[in-house]
Amino acid sequence: MSDVAGSGRRRGGPPVIEPGHTYASVTDKISSIVLSRRTPLFWVLGFFVSFLLAMGLLVAVSYLFAKGLGIWGINQPVEWAFDIINFVWWIGIGHAGTLISAILLLLRQEWRTSINRFAEAMTLFAVACAGLFPLIHLGRPWLAYWLFPYPNTMALWPQWRSPLVWDVFAVGTYATVSFLFWFVGLIPDLATLRDRARRKGFQIFYGMLAMGWRGSALHWHRYEMAYLLLAGLATPLVISVHTVVSFDFAVGIIPGWHSTIFPPYFVAGAIYAGFAMVLLLSIPLRKVYGLEDFITLRHLQNMAKVMLATGLVVGYGYVMEAFMAWYSANPFEKYMIVNRMKGPYAPAYWALMLCNIVAPQFLWFKRVRSSPPALWAIALIVSIGMWLERFVIIVVSLHRDFLPSAWGMYRPTGWDWTTFVGTIGLFLALMFLFIRFLPMISIFEMRTLVPEARPLGKEAVPDDSVADEPEPA
Amino acid sequence: MRVEEERGRAWGLLGEFETPDELLHAARLARAEGYRRMDAYTPFPIHGLSDAMGFRPTKLPLVVLAGAVIGCVAALGTMWFSATIHYPINVAGKPYASWPMFIPITFELTVLFAALAAVFGMLGMNGLPMPYHPVFNAPRFAFASRDRFFLCIESRDALFDPANTRAFLNRLGAREVVEVEE
């Protein structure tokens, strides 16, 4: 068993699960959060506040549908602003969930186990918030189904060569696959909750969702294959989604958009923002629910390292944008970067540099990476920085392009802000519901981290007569 | 004694084990003994159990491949048909079948159909959703989703004999052996 303890502790860092846990203690600890009758006061207050904000979103969207897009600050020349900024921001946040659940699974990073479930839930809710913006940005949102290829009396088809149509398919696929991945991961845990629930209503609720899962070895055999294949499919998908999102800009000829660096730079930015959000959520959660045994300092340190690495890629992107503006000798490109640095929106640009390039440099220090409050503060700064990045790319590029006579300014209205803050409320309200009704840490995968979960393997019983027999029906 | 009386109605005998190692050991020996109609129930996937039970590699990857091919062909076919035959529009002199522009959607739909095939294929092959299964009748079966490991030898196995099989499971070190009612 000594090598097992070693695999959890690897090179002297904190372990992925604190010692002393058994299958039963892991199961009971995580399922009791959901099955407990007592709802913590923090949950009630948090849910109430986020629900209020979500109601603000409802008001803002209702008023938008009644009055039209004029209630927002958008106009010529900035026809895209908060709607697309928030879309890109939210969808980027979602990417960390898929990265943790799929890419780290394929890379056999077992520390992902205790954070993948709620990171996937975060992905789903972030994609839901993201998907809202392009829909409500349509002048006539009730015609959104025109984006899909369906047989219609107008004999019209979507424009296959438009990145905006690619977006529909990319985001639609991403939302569907994220949901499937999350739900498949939940099935065995739902069976655990079904078996452990005392109240009739909960037994029926979890029983229906678990679909009769009974932990059969033959089922696990196919389940593991399905999960692995889903991870393999989700990995290129997550990269393609933000690539397609970046095409929304890169295919346009606006200075500041028309750049080949956009796809990798957007994908790195998405992972950066997403890990910041996972830290923002996991640090308070582990504290409030006493989950420090499962979400250990090891997890926080690893996430901090991913943030630092992707932050450096993003920083490289910013430097390259400025360099290419000078090196291309294109007057419009050059003006674009000067306008970002010295124009009317210069404070946003410099705040972005401060948030996204300067702030993460503190993560080089182990003392910062080991301090949850410091990590939380840096994650918050990075989240703001990533929002500012999209503001700078979108608004600052659009407001002054080629002809000075066509220049203009953009100012967000109260409705812009209500909608944005409302989606944060919606996101948090959904997260609160999730942590109350579903296990926020994957119980069955945590059991596999318990030291005695590793069987001694083949040497336990030398046996070679079993391999070539037909399988039982 | 009850076992003897209800012999026709018993679905199988369920042995309970405390560790994955004990279960693996038991599964190997049960197979070596000649039992084929059996299944294990565990709270998490156990490495090596599929081999010990003698499962063949699952056909699921083929289902997923079929899904991927259907998604790919459907996406490319729809775009090609609409752009060249059904409603050709000349955009800036570009060719109608401008296939590089069709790749993003083709890729997304390939992934979508493959993922749907993986999930529904897995559920379908496992026969889920299945609201009722006899093994849930075993009194301590709820622990299969917590911390216990079960091996069930089903009564339709040719070698199944209530008394002998029970004795066999006990010999394998089962903590408790119970009869599963149909």
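This report describes a sheet with its two packed helices in chain B and one buried residue in chain A of a predicted model.

**The sheet of chain B**

Chain B holds an open sheet of four strands, arranged in the order β2-β3-β1-β4 with antiparallel pairing. In general, the strands of a sheet pair through backbone hydrogen bonds, in either a parallel or an antiparallel manner. Strands β2 (38-41) and β4 (176-181) of chain B form the edges, each pairing on one side only. On average, neighbouring strands of this sheet are turned by 25° against each other, direction ignored.

Within the sheet, strand β1 (residues 10-17) of chain B runs antiparallel to strand β3 (residues 149-154) of chain B, and six bridges join the two. In this region B:Phe17 stands opposite B:Phe149, a residue of β3(B).

**Helices on the sheet**

Two helices of chain B contact strands of the sheet, as set out below.

| Helix (chain B) | Strands contacted (chain B) | Angle |
|---|---|---|
| α6 (residues 162-171) | β1, β3 and β4 | about 15° to β1(B) |

**A buried serine in chain A**

In chain A, helix α6 (residues 163-196) contains A:Ser178. The relative accessible area of A:Ser178 is 9%, and this residue therefore counts as buried, the cut-off being under 20%. Apart from neighbours within four places in sequence, A:Ser178 is in contact with A:Thr98, A:Thr123 and A:Leu124.

Methods:
Residues numbered from 1 in each chain as written. Chains lettered and ligands numbered in written order. Predicted model: local features only at pLDDT ≥ 70, side-chain atom pairs only at ≥ 80, totals over all residues. Heavy atoms only, no water. Pairing = 2+ DSSP bridges. Axes fitted to C-alpha atoms, helices over the stretch in contact; angles between N-to-C directions. Contact = heavy atoms within 4.5 Å. Buried < 20%, exposed > 50% of the residue type's maximum accessible area, 1.4 Å probe, protein only.
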